[in-house]
Amino acid sequence: MENQAISEEKLQIIRKTFAMFDQEKTGFVPTNKITGILNTLDLKFSEEDVRLKIKAIDPNKEGKLNFTNFMNILSCYMVDDDDDDEAMYQELKEAFRLYDRGGDGYITTATLKEILKELDNKLSNEDLDGIIDEIDEDGSGTVDFDEFMEMMTG
């Protein structure tokens with residue numbers, strides 16, 4: 001399995017996870033814990049795929065993985081944040097386009113208020129006005145995609 005470059009942040013998560021499941025400090029994590037670990041980290045995987053990866057790494061069926069092998073398996077399921085960011089950008093762009101009915105490159109603050117009310121019906125009119133005032137800094141009554149993106153990603 002090729003060891004793709006992983007961020008320091010992901011490496012830290014993998015190290016902490018490994019230490020948590022290597023309670024006896026043997027330098028190994030049992031292979032039968034891998035799917036549970038992936039679930040705990042809320043990572044998407046197929047059990048068959050995990051089984052095949054473990055089989056490739058542990059051909060002698062020792063039932064344990066050292067840190068390097070553990071890292072190689074987990075890093076396969078840790079989606080790169082850049083992919084998530086791009087997907088979110090595309091989703092927000094599409095959502096914005098749907099509300100930009102005139103195709104003018106902006107939505108009205110009234111439309112934005114409706115969207116926010118739909119997203120969270122617990123927001124009072126004062127809350128909504130406060131959010132709108134914060135987003136529509138120039139008081140134009142419109143919000144362009146950049147302002148919309150900034151609001152949605154906070």
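**Note on helix α3 and the overall form**

1. The buried residues of α3 pack against α2 (34–40), β2 (64–65) and α4 (67–77), where contact means heavy atoms within 4.5 Å. Helices (H or I, at least four residues) and strands (E, at least two) are DSSP runs, numbered from the N terminus. Please keep in mind that this is a predicted model: local features need pLDDT of at least 70, side-chain atom pairs count only at pLDDT 80 or more, and totals for chains, interfaces and linings use all residues. Residues are numbered from 1 along each chain as its sequence is written, and side-chain values use heavy atoms, leaving out hydrogens and water.

2. Which residues of helix α3 (residues 47–57) are buried? They are Val50, Lys53, Ile54 and Ile57, with buried meaning under 20% relative accessible area and exposed over 50% (1.4 Å probe, protein chains only). These residues lie on the same side of α3 because they cover an arc of only 100° around the axis, taken from the directions from the helix axis to the C-beta atoms. Lys55 and Ala56 are exposed on the other side of α3.

3. Now to the whole chain. The protein has 8 helices and 4 strands, and its elements run α-β-α-α-β-α-α-β-α-α-β-α from the N terminus on.

4. The radius of gyration is 23 Å, whereas a compact globule of 154 residues would have one near 15 Å (over C-alpha atoms; globule rule 2.2 Å times the number of residues to the power 0.38). The C-alpha trace spans about 65 × 30 × 25 Å along its principal axes. Buried residues make up 29% of the 154 residues.
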